[in-house]
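Q: I'd like to learn how to read a few features off a model like this one. Can we put it up and walk through it?

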Amino acid sequence: MDTRSDHTLVGVYETQAEADDARQDLLSSGFSESQITLNPQATGARTAETGEESFWDKVKDFFNPGEQDIYEEASRRGHALLSINVAEGDVDRAADILGRHNPINVAEKEAQWRKAGWAGGRQTEEAGEQKIPVVEEQMKVGKRAKERGGVRVFRRVTETPVQEDVRLREEHVYVDREKVDRPAHEADFREQTVEASETREEPVVSKEARVIEEVTIGKDVQERTETVKGTVRRADVEIEELDQDFHRDFETRYADRGYQYAHSREAYRFGQTLASHPDYRDRGWKEVEPEARDLFEQKNPGRWHEFKDAVRYGYERTRQHKAA
């Protein structure tokens with residue numbers, strides 16, 4: 001049975017009946033169906049009919065690198081797997097229920113399988129080689145035109161009343177008679193016609209269209225440099241030397257505290273990493289311990305006292321190997 005730091009517990013059982021009993025016990029104790037995931041006992045490759053694909057999709061993120069292969073191997077060899085997600089206050093209760101139904105010791109089984117020739121991981125059938133890809137994401141930045149606004153210009157015709165004063169001239173004909181007394185001449189007896197016409201001015205309106213203003217529409221182009229930030233992922237391959245004698249030595253040394261190597265593997269690896277870092281590899285444990293505690297509790301708050309011996313053992317063991 002394995003317990004994850006995010007409160008996901010995984011139990012591995014010899015038979016389907018034991019897994020079913022454990023599941024029923026969990027439900028009877030108040031845990032819900034949504035918390036429990038059961039991978040039915042099966043042999044051979046994973047198939048959709050056995051339900052194993054759904055199980056691994058749900059729990060694969062809770063395994064440390066390399067551990068999923070161990071549990072998949074357990075499933076392939078006919079064992080049934082049961083996982084449950086619980087809150088922190090329910091960890092002990094759920095672990096006790098899983099432990100009632102005889103879960104197998106995965107660390108011991110792993111040692112037996114490896115001794116029998118199982119190398120772990122997925123192997124190629126022809127050459128028997130194990131291929132583990134190292135994956136790295138790369139960020140590619142391009143650009144595209146995106147409309148952000150603009151200007152629309154309309155021309156409309158409107159009519160506005162106008163007025164202007166103009167002086168107009170009118171002519172009027174008048175005839176006056178007045179009495180005179182003078183000698184008449186022969187010319188005065190000639191017939192004569194005189195005409196006089198009257199005129200008046202009238203306003204004449206004409207319109208002339210003139211362009212009084214022009215509106216120009218254009219674009220000013222500016223270029224700017226923008227820094228694009230993002231994150232890319234990389235899947236590195238970590239190589240861990242498997243030493244079964246060391247595993248047994250570790251469990252024997254801390255048997256009185258109930259430790260198993262499988263439960264403290266991440267803490268041990270943390271100690272290995274410290275011992276390989278240039279800032280720590282030449283310093284003794286007493287000097288390193290305060291800094292190691294701060295670093296460890298950043299990801300595992302409140303768990304230093306539970307795993308500090310595993311961290312120290314990994315640190316000192318790695319330094320011994322490097323000095324040898």
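A: Let's start with burial: a residue is buried under 20% relative accessible area, exposed over 50%, and partly exposed in between (1.4 Å probe, protein chains only). A235 has a relative accessible area of 38%, so it is partly exposed. Before we go on: this is a predicted model, where local features need pLDDT of at least 70, side-chain atom pairs count only at pLDDT 80 or more, and totals for chains, interfaces and linings use all residues. Residues are numbered from 1 along each chain as its sequence is written, and side-chain values use heavy atoms, with hydrogens and water left out.

Q: Where is A235, and what does it touch?

A: Secondary structure comes from DSSP runs, numbered from the N terminus: helices are H or I with at least four residues, strands are E with at least two. A235 sits in strand β6 (residues 234-235). Contact means heavy atoms within 4.5 Å. Not counting residues up to four places away in sequence, A235 touches P133, V134 and V135. A235 and E137 are 98 residues apart in sequence, yet their C-alpha atoms are 8.9 Å apart in space.

Q: How do I read S197, and is it buried or exposed?

A: Apply the burial cut-offs again: S197 has 56% relative accessibility, so it counts as exposed. S197 lies in the loop between β5 (135-136) and β6. Leaving aside neighbours within four places in sequence, S197 is in contact with E171 and V173. From S197 to H172, it's 25 residues in sequence and 8.0 Å in space, C-alpha to C-alpha.

Q: How do I describe two packed helices?

A: Two packed helices are described by the angle between their axes and the distance between the axes. Axes are lines fitted to C-alpha atoms, for helices over the stretch in contact, and angles run from 0 to 180 degrees between N-to-C directions. Angles under 35 degrees count as roughly parallel, over 145 as roughly antiparallel, 65 to 115 as roughly perpendicular and the rest as oblique.

Q: At what angle do α8 and α9 cross?

A: The axes of α8 (residues 285-299) and α9 (residues 304-323) come within 11 Å and cross at roughly 125°. That makes α8 oblique to α9. On the α8 side, the contact includes W285 and F296; among their partners in α9 are W304 and Y315. The residues of this contact divide into eight nonpolar, one polar and six charged.

Q: How many helices and strands does the chain have?

A: Nine helices and six strands. As for burial, buried residues make up 26% of the 324 residues in the chain.

How values were computed. Nonpolar A, V, L, I, M, F, W, Y, C, P; charged D, E, K, R; others polar.
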